[in-house]
Amino acid sequence: MLLLVGQYPNGPLGGLAITLVLSVLGLALAFPLGVALALARMSGFAWLRFPAAAVVYVVRGVPLLMFIFWVYFFVPVLTGRTVSGFTTMVITLVIYQAAYLAEIVRAGIEGLPRGQTEAARAMGLNYRQTMTKVVLPQALYNMVPALVSQFVSTIKETSLGYVISVNEVTFAANQINSSLMTQPFQVYFVLAAIYFCLCFSLTRLARWLEHRIATRREGGFGGAVLANASPATPTTSSPIVPKQAA
C-alpha cells in the first residue's frame with residue numbers, strides 16, 4: 001500500500017497516486033502553454049517567433065534533473081518563501097513538458113494539408129476563426145496518440161522527484177528498501193513491474209487511438225470539421241462553387 005497510496009489515509013498521499021497526480025497536472029497545465037508556444041513559433045512576427053523558438057530549444061536542450069534543481073533553489077529566492085517538493089515538481093513538469101508539447105502541436109498543424117487553411121479563409125473566416133474552428137480541432141485530434149505517448153514519458157520523468165523528496169512511487173520504493181535492507185531486488189522489481197504495466201497499457205492505448213484516427217481520417221473527418229466551421233450566413237462573394245452548379 002505504501003507503493004500505491006503512501007501513508008494515506010493515516011498520512012499524506014504518496015506512491016503511485018502522487019505519480020499519476022503529478023503527471024496529469026504537469027501535462028494538463030503545460031498543454032495551453034505548449035499550444036501558445038507552437039502558435040508563436042509559427043507566427044509571422046519575428047518578435048514572437050524567435051523568443052518562442054529560443055525557449056523551446058533551451059528547455060529541450062537541458063536535462064530535466066537540472067531543471068528540477070533550478071526550480072527548487074530559484075523559486076524560493078524569487079518568491080521569498082519555501083516551496084514544497086510537490087509544487088517544485090509541478091512547476092518543473094509544466095515548463096519542461098510545454099516545450100515538447102509545442103513541437104507536437106506544431107508538427108500536428110504543419111501536417112495538415114494547406115488546402116484546409118486556404119478553404120477556411122476563402123469561406124470568410126479570419127485567422128483566429130481558422131485556427132480555432134478548422135486547424136486546431138483537426139491537429140489536436142490527430143495528435144491524441146502523441147499526447148498519450150508524452151503522458152507515458154511524463155510518468156517516467158516523475159521518478160526524478162525523489163531527489164527533492166517528493167513522495168512518488170520511486171521515493172516510496174526507496175523508503176521500503178531502507179526499512180527492509182535485505183530485499184532490494186524484490187522491491188525494485190515490483191517498482192519496475194508497476195512502471196511497466198502502467199506505461200505498457202498506455203502505449204497500447206496510444207497505438208489503438210492511432211489506428212482509430214487513421215481509420216476515421218480515411219472517412220473524411222477533416223471535411224466534416226471544415227463544414228461545421230462555415231459561417232451561418234454564406235457570403236455572396238464566396239469563390240466556392242457547388243459541384244452541381246459547376
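**Reading the calls in an all-helix chain**

Of the 246 residues in this predicted model, 40% count as buried.

Q: What makes up the secondary structure of the chain?
A: The chain has 11 helices and zero strands. From the N terminus on, the order is α-α-α-α-α-α-α-α-α-α-α.

Q: How do you know what share of the contacts joins residues at least 24 apart?
A: Take the contacts between residues at least 6 apart in sequence; 72% of them join residues at least 24 apart.

Q: Why is Leu-101 called buried?
A: Its relative accessibility is 0%. The cut-off for buried is under 20%, so Leu-101 counts as buried. Leu-101 is placed in helix α5.

Q: What does Leu-101 touch, not counting residues up to four places away in sequence?
A: Leu-101 touches Leu-27, Ala-30, Phe-31, Gly-34, Leu-147 and Gln-150. Leu-27 is 74 residues away in sequence, yet the C-alpha atoms of Leu-101 and Leu-27 are 8.7 Å apart.

Q: Which residues have the most contacts inside the largest nonpolar core?
A: They are Leu-3, Leu-22 and Ile-109, in a core of 54 residues. Helices that each supply at least two of its residues include α2 (15–41), α5 (85–110) and α10 (184–218). Helix α5 gives the most, with 12 residues. In soluble globular proteins, nonpolar side chains tend to be buried together.

Q: What is Leu-3 in contact with, leaving aside neighbours within four places in sequence?
A: Leu-3 is in contact with Gly-15, Leu-16, Val-169, Ala-172, Ala-173, Ile-176, Val-190 and Ile-194.

Q: What makes Phe-67 and Tyr-96 an edge-to-face pair?
A: The structure holds eight aromatic pairs, and this is one of them. Phe-67 lies in helix α4 and Tyr-96 in helix α5, so the pair ties together parts that are 29 residues apart in sequence. Phe-67 and Tyr-96 are both buried. With Trp-70 and Tyr-100, they form one aromatic cluster.

Q: Are Tyr-72 and Phe-73 buried, partly exposed or exposed, and why?
A: Tyr-72 has 31% relative accessibility, so it falls between the cut-offs of 20% and 50% and is partly exposed. Phe-73 has 53%, over 50%, so Phe-73 counts as exposed. Tyr-72 and Phe-73 also form an edge-to-face pair, at 5.2 Å centre to centre and 80° between the planes.

Q: How do you know that Arg-49 lies over the face of Phe-50?
A: Arg-49 is at 5.0 Å from the ring centre. The distance limit is 6 Å, so that part of the test is passed.

Q: Why is the contact of Arg-41 and Glu-103 called a salt bridge?
A: Their side chains meet at 2.5 Å, N to O. The limit is 4 Å, so the pair qualifies. Arg-41 lies in helix α2 and Glu-103 in helix α5, 62 residues apart. Both residues are buried; for Glu-103 the relative accessible area is 18%.

Q: What makes Arg-41, Glu-103, Arg-106 and Glu-110 one network?
A: Glu-103 forms a salt bridge with Arg-106, at 2.9 Å between the closest N and O atoms. Glu-103 and Arg-106 are three residues apart in helix α5, so about one helical turn separates them. Arg-106 in turn meets Glu-110 at 3.4 Å, N to O. Arg-106 and Glu-110 are four residues apart in helix α5. The salt bridges share partners, and this joins Arg-41, Glu-103, Arg-106 and Glu-110.

Technical notes: Residues numbered from 1 in each chain as written. Predicted model: local features only at pLDDT ≥ 70, side-chain atom pairs only at ≥ 80, totals over all residues. Heavy atoms only, no water. Buried < 20%, exposed > 50% of the residue type's maximum accessible area, 1.4 Å probe, protein only. Contact = heavy atoms within 4.5 Å. Core = buried A, V, L, I, M, F, W, Y, C linked by side-chain atoms within 4.5 Å. Phe/Tyr/Trp six-rings, centres within 6.5 Å; stacked < 30°, edge-to-face > 60°. Lys NZ or Arg CZ within 6 Å of the ring centre and 35° of its normal.
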